[in-house]
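Biologist: I have a model open and want to learn how to read it. Can we go through it feature by feature?

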Amino acid sequence: MPRPKQRTQQLRDHVLQVAVVTLAADGVAGFTTRRVARQAQTSTPAVYELFGDKAGLVRALFFEGFRQLRRQFDQLAESDDPRADLVGVIETVRGFVGRNPVLAQVMFSRPFADFDPGPAELSAGAAVREFIVARVRRCIDAGILSGQETDIAHVLLALAQGLAAQETAGCLGTSQASVDRRWELAIRATLNGLGAAVNKP
């Protein structure tokens, strides 16, 4: 009778979820395959067999972060107010980064020296960008924004990432009211600026 397969998809999924938790708890400096294996109650060789090496595990985390963010986007309802819907996307990025700061760092800042994103990794955010682009396109079609939708989507995502990183680091204000006010100011000013050209002769 053949021996049951030990390195299953179920184990891979479990190790990956434990890796997300371990990364959040220990940060980039404390993240090792040995610690992930111990926390997942499996062996270090099993982790290597599943992911190749530490860089492979980080690569899987990179993809998992974008999958999680896209799942949150997919839960957003579409209303009759395209601008409000676009602001909702920005707020979703804010919430995601706030809840997953180290995972977001892996996705957007690439803090691991031994992880060099290739074409597949660089395209991992495509589903996220496509969602934002679609929301931007609705605003353009409604005459709310003016410009190239992909350019605007990149600008808005960068704005959200930067503000969220500042908020997470405690550099955006000393009270929740001041932090919220600065988010609102940045979003309003950016969207108003992108919409200003709509009304130009």
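Modeller: Start with one residue and its surroundings. Beyond its neighbours within four places in sequence, T44 is in contact with T33, R34 and A37. T44 itself lies in helix 3, residues 44-51.

Biologist: Is T44 buried or exposed?

Modeller: The cut-off for buried is under 20% relative accessible area. T44 has 17% relative accessibility, so T44 counts as buried.

Biologist: How far should I trust the coordinates?

Modeller: This is a predicted model. Where pLDDT is low, the predicted coordinates should not be read in detail. Here the protein chain has a mean pLDDT of 88, and 90% of its residues reach 70 or more.

Biologist: Now a helix. What span does helix 9 reach from its first C-alpha to its last?

Modeller: Helix 9 runs over residues 149-168, which is 20 residues. Its span is 28 Å, close to the 28 Å expected at 1.5 Å a residue.

Biologist: Which residues of helix 9 are buried?

Modeller: E149, I152, A153, L156, L157, L159, A160, L163 and A164. They cover an arc of only 155 degrees around the axis, so they sit on the same side of helix 9. Their cover includes helix 5 (82-99), helix 8 (126-141) and helix 10 (176-195).

Biologist: And the ends of helix 9?

Modeller: At the start, a side-chain oxygen of Q148 comes within 2.8 Å of the backbone nitrogen of T150. Just after the helix, G170 has a positive phi of about 75 degrees.

Biologist: Next, the rings. How many aromatic pairs does a search of the whole structure find?

Modeller: The search finds 4. One of them is F62 with F66, edge-to-face, at 5.3 Å centre to centre and 65 degrees between the planes. Both lie in helix 4 (residues 54-74), 4 residues apart, so about one helical turn separates them. F62 is buried at 2% relative accessible area, and F66 is buried at 9%.

Biologist: What geometry does the pair of F73 and F131 have?

Modeller: That pair is stacked, with 5.0 Å centre to centre and 20 degrees between the planes. F73 belongs to helix 4 and F131 to helix 8, so the pair ties together parts 58 residues apart in sequence. F73 is buried at 0% relative accessible area. F131 counts as buried too, at 12%.

Biologist: Which residues do ring pairs link into a cluster?

Modeller: F62, F63, F66 and F108.

Definitions and conventions. Residues are numbered from 1 along each chain as its sequence is written. This is a predicted model: local features need pLDDT of at least 70, side-chain atom pairs count only at pLDDT 80 or more; totals for chains, interfaces and linings use all residues. Side-chain values use heavy atoms; hydrogens and water are left out. pLDDT is the predictor's confidence in each residue, from 0 to 100. Helices (H or I, at least four residues) and strands (E, at least two) are DSSP runs, numbered from the N terminus. Buried means under 20% relative accessible area, exposed over 50%, partly exposed in between (1.4 Å probe, protein chains only). Contact means heavy atoms within 4.5 Å. The expected span of a helix is 1.5 Å times one less than its number of residues. The arc is that of the directions from the helix axis to the C-beta atoms. A polar contact is a pair of N or O atoms within 3.5 Å; within protein, one must be able to donate a hydrogen and the other to accept it, and residues adjacent in sequence count only if both atoms are side-chain atoms. Rings of Phe, Tyr and Trp (its six-membered ring) pair if their centres lie within 6.5 Å; planes under 30 degrees apart count as stacked, over 60 as edge-to-face and the rest as tilted.
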